[in-house]
Amino acid sequence: MAAVKETVETVGEVEKYKYGFSTEIESEKAPIGLTEDTVRYISAKKDEPEWMLEWRLEAFRRWKNMKEPTWAKVFYPTMDYQNAYYYAAPKQTVAPESLDEVDPKLLETYEKLGIPLEEQKMLAGVAVDAVFDSVSVVTTFKEKLKEAGVIFCPISEAIRDYPELVKKYLGSVVPVTDNFFATLNSAVFSDGSFVYIPKGVRCPMELSTYFRINEKQTGQFERTLIVAEEGSYVSYLEGCTAPQRDENQLHAAVVELVAMDDAEIKYSTVQNWYPGDEEGKGGIYNFVTKRGDCRGRNSKISWTQVETGSAITWKYPSCILRGDNSRGEFYSIAISNTKQQVDSGTKMIHLGKNTSSRIVSKGISAGGSSNTYRGLVSVHKKAENVRNFTQCDSLLIGDKCSAHTVPYIEAKNPTAILEHEATTSKISDEQLFYCMQRGVPEEEAVALIVNGFCRDVLQQLPMEFAVEAQKLVGISLEGSVG
Amino acid sequence: MTDAIAQSFIDTFERERDALPGAGGWLAARREAAIRELADAGLPHRRLEDWKYTDLRDVLEKAAFAPAPAHQGAVLLPEGDAGSGAALFHAIDRHKIVFVNGRLNHALSDMDGLPEGVALRPLAEALEQDWAKAAIERRFDTNPQAQSISGLNLALMADGVALHVAEGVALDKPLHLIFLAADDGASHARNLVRLEKNAQATVFETHASAGAAHYFADQVTEVSLGIGATLNHIKLQDEAAKAVHLSTMRAALSEKAKLDSFTLILGAGVSRGQTFVEFEGGEAEAHVNGAYALRGEQHADQFCVVDHAVPESNSHTHFKGVLDDRSQGIFQGKVIVRPDAQKTDGRQMTNALLLSRDASVNAKPELEIYADDVQCAHGSTIGELDKDALFYLRSRGIDEMTARQLLISAFLDEALDYAPHEEARAELKALVAGWFEAGSLSAEDIV
């Protein structure tokens with residue numbers, strides 16, 4: 001019977017969502033529900049100064065009077081915000097001074113996820129901040145980065161150590177009152193990364209944050225703030241996974257980027273939250289506000305995202321092109337399968353002169369999923385010589401899925417040149433036939449064609465990510481053919 | 001709470017209900033229901049997604065139109081006045097029907113002389129026809145967007161014509177519906193068009209002023225095409241500069257039917273043109289195209305939804321516009337492909353040319369697709385005149401003004417070429433040429 005066992009094991013290994021395990025670790029949580037006390041609890045846990053608590057409470061008071069947005073093309077049962085935990089952290093009596101003091105179970109978890117935290121084992125040139133539920137477990141290469149003058153630390157640490165910087169920039173791109181989920185995040189955000197690149201510094205390595213939701217019935221509210229001072233450059237990567245559960249968990253993050261004169265920020269995401277099962281049970285609700293502010297002249301912000309996970313994605317990484325000659329880019333692959341729902345896109349707000357933006361969005365829907373691109377290109381009156389190019393292509397695999405495109409194009413200046421094009425089609429039979437006739441099995445052929453379809457975007461990813469993303473594209477579409 | 005402007009329409013309804021066509025018949029209850037819905041919902045405003053760029057409630061509230069009176073005295077058709085929109089299609093041999101203030105004017109119209117199999121009746125006389133009743137009672141439950149403002153027209157429609165073409169019959173010459181506003185105020189008209197199997201017709205519409213300056217023209221046209229029927233439709237909207245024009249065309253296409261519609265928009269202070277096409281049979285084809293040229297404070301909103309509910313139908317939508325001064329142009333389009341509508345071909349395109357620093361354009365071309373074996377695409381471009389092209393012409397000794405005019409008319413010509421009637425197309429082109437001459441393309445505009 002050994003052979004049978006082996007087969008079972010093999011099948012287990014190729015299971016679609018390999019990050020679906022959960023870690024048995026003792027954790028401490030805030031009392032269930034969301035009240036002012038919860039906000040105070042989180043703030044106290046993080047040992048925050050008074051101003052931060054006030055900031056949170058202000059957000060919470062506002063949030064109480066706000067309504068959940070309903071305009072997106074996603075459907076889900078009403079969420080009970082009082083039946084969730086807003087803070088969960090692995091129990092640890094003393095803060096770890098070094099990696100040796102970190103709970104081995106946590107290290108094991110990250111090992112299993114393919115994110116080794118021991119520096120010597122790491123891919124050279126990538127520093128990682130590992131966030132587990134509501135706290136940052138460890139940040140690697142901190143010292144080495146410090147030598148270059150780069151600050152890379154959990155945001156809770158930054159609030160304590162660099163209050164002036166945080167005060168200056170937090171909420172300056174995504175205001176506290178921005179939208180329902182951003183305001184909720186402002187009230188209860190727990191951890192995330194803070195990056196500060198000083199003037200003229202080219203960050204010596206890729207920075208990366210790995211988010212992991214582990215605890216049941218919790219929400220994750222990450223907050224990331226990246227500030228690139230004049231003439232600096234940083235490339236930042238973000239990855240995320242969660243255990244396989246029947247319940248829906250909320251992930252409401254806020255990411256703010258600030259690029260000053262001649263600075264460049266490259267932000268890449270591989271989002272692989274648990275998408276729910278075949279019937280659409282469980283999975284993460286990913287309701288995220290991401291926005292970059294090209295504040296300085298000649299600044300550049302580039303978003304690249306590969307969205308394969310989440311039961312529902314509600315996400316519009318945007319660029320405010322304020323500085324003259326600034327540039328915004330958005331490259332996206334959104335893959336949905338089974339009962340996943342994606343409503344994602346970008347906003348390019350052109351305020352400065354000679355600003356340009358480029359949007360390349362590739363949506364792939366399979367199974368019974370729904371995939372919507374929603375985007376805005378807006379040219380304000382004083383923005384001279386604006387240039388935008390938008391391309392959104394949708395690929396449909398199977399006749400039970402749907403693909404939608406909802407672009408808004410608003411021009412208030414005649415010197416703008418705006419181009420938008422979108423197509424929707426399926427994989428052509430000729431292409432499939434060509435591959436299969438040369439001995440490529442159908443599923444592989446589909447993955448191959450899809451990878452070709454996504455090529456423009458995959459090329460934008462840093463090398464380590466591109467390899468992973470390519471595999472992910474194949475895995476996400478498993479079972480969608482035939 | 002009912003907003004003030006909705007209330008004024010409700011008051012009009014209460015006052016005029018007994019004199020409206022169909023009073024005491026089946027239509028009375030429909031009107032009643034429609035006005036109640038309007039009372040509950042109010043008029044559409046910018047917080048509703050479909051009206052994001054045109055706040056109709058605000059526009060009508062500011063204008064505060066009273067109902068237009070029945071016109072007293074004679075109306076002179078401006079037929080001799082070449083270059084005026086109201087005189088368009090005068091030279092074409094056609095059946096002519098004239099409305100003044102939204103009411104059929106028998107003296108100016110020729111309702112007779114139609115070939116056998118073609119019936120043209122005033123709305124009031126058509127109400128007991130089964131097809132007319134079906135057209136008015138048609139619900140758009142799968143597509144509520146087609147319903148949003150038509151209730152106002154249903155409640156208050158005072159007149160209109162019903163055209164019925166029997167199986168296999170072709171209307172001998174175009175039917176020209178001329179809507180003239182002679183007095184200020186609000187008018188509501190409804191036209192019905194039914195082409196039976198393999199029937200053919202060409203319909204022109206002209207909307208213009210004959211003396212009125214400050215008016216609201218609200219019009220709904222219901223089109224129903226039988227198997228293999230073909231309707232060619234050309235509409236010119238050249239209302240007065242302070243007028244508000246609201247028109248809705250809803251078309252249902254059976255198998256192998258073809259709708260070819262073209263709209264030219266030159267007039268009105270605020271206009272909103274809505275087109276809804278529903279495919280009910282395969283191998284049908286719909287072309288909804290148009291062009292607009294705006295100046296001053298003009299605001300024109302084109303809203304077009306094409307709903308592919310069955311397999312194997314094609315649609316093509318293309319709107320081009322030029323905007324001068326402080327004008328605003330809007331194109332909102334949507335192609336829906338329902339789950340079973342395989343082998344659909346849906347195309348949508350919009351281009352806009354901004355001629356002035358203060359003009360603006362908003363475009364929202366949407367795709368909503370639930371079937372996989374389809375070819376759907378949309379595109380949108382916005383920009384100003386190509387400097388290289390301008391330089392090319394200038395370098396060959398053409399003065400700047402002429403060069404600009406050449407480029408603009410070349411741009412609009414592409415759209416005008418869609419007009420599905422040769423002579424009418426030539427007249428539309430001549431009219432657009434006049435737009436430039438009368439225009440503000442003066443030297444100080446040239447930057």
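**Ground rules.** I number residues from 1 along each chain as its sequence is written, and letter chains from A and number ligands from 1 in the order in which they are written. As the model is predicted, local features need pLDDT of at least 70 and side-chain atom pairs count only at pLDDT 80 or more, while totals for chains, interfaces and linings use all residues.

**Confidence.** A contact here means two C-beta atoms, placed from the backbone, within 7 Å.

**Chain B overall.** I took the radius of gyration over C-alpha atoms, with the globule rule of 2.2 Å times the number of residues to the power 0.38. For 447 residues a compact globule would come out near 22 Å, and chain B has 21 Å, so the two agree. Its C-alpha trace spans about 70 × 55 × 50 Å along the principal axes. I find nine helices and 19 strands in chain B; these are DSSP runs numbered from the N terminus, helices being H or I of at least four residues and strands E of at least two. Of the contacts in chain B between residues at least 6 apart in sequence, 84% join residues at least 24 apart. Buried residues make up 54% of the chain. My cut-offs: buried is 20 or more other C-beta atoms within 10 Å of the residue's own, exposed is 12 or fewer, partly exposed is in between, with C-beta atoms placed from the backbone.

**Strand 4 of chain B.** I looked at residues 161-165 next. Five of the five are buried, so this strand is largely enclosed by the rest of the structure. B:Val161, B:Leu163 and B:Val165 point one way, with B:Ala162 and B:His164 pointing the other way. I then looked for its partners (strands pair if DSSP finds at least two bridges between them). Strand 3 (residues 118-122) pairs with strand 4 in the antiparallel sense over five bridges, and B:Leu120 stands opposite B:Leu163. Strand 6 (residues 185-195) pairs with strand 4 in the parallel sense over four bridges; there B:Arg194 is the bridge partner of B:His164.

**Core.** I define a nonpolar core as buried Ala, Val, Leu, Ile, Met, Phe, Trp, Tyr and Cys residues joined through C-beta atoms within 7 Å. The largest one has 269 residues, and B:Leu253 is among those with the most contacts inside it. Beyond four places in sequence, the contacts of B:Leu253 include B:Leu225, B:Val277 and B:Phe279.

**Where A meets B.** I get 28 residues of chain A in contact with 30 of chain B. On the chain A side, strand 22 (387-397), strand 23 (402-411) and strand 24 (417-426) each give two or more residues. Strand 23 of chain A runs antiparallel to strand 18 (residues 360-369) of chain B, joined by six bridges. One bridge pair is A:Ala403 with B:Ile369.

A:Asp262 has a positive phi near 60° without being glycine. I place A:Asp262 in the loop between strand 11 (254-259) and strand 12 (264-271) of chain A, and A:Asp262 is buried, with 21 other C-beta atoms within 10 Å. B:Lys256, also not a glycine, has a positive phi of about 60°. B:Lys256 lies in the loop between strand 10 (244-253) and strand 11 (258-265) of chain B, and with 19 C-beta neighbours inside 10 Å it counts as partly exposed.
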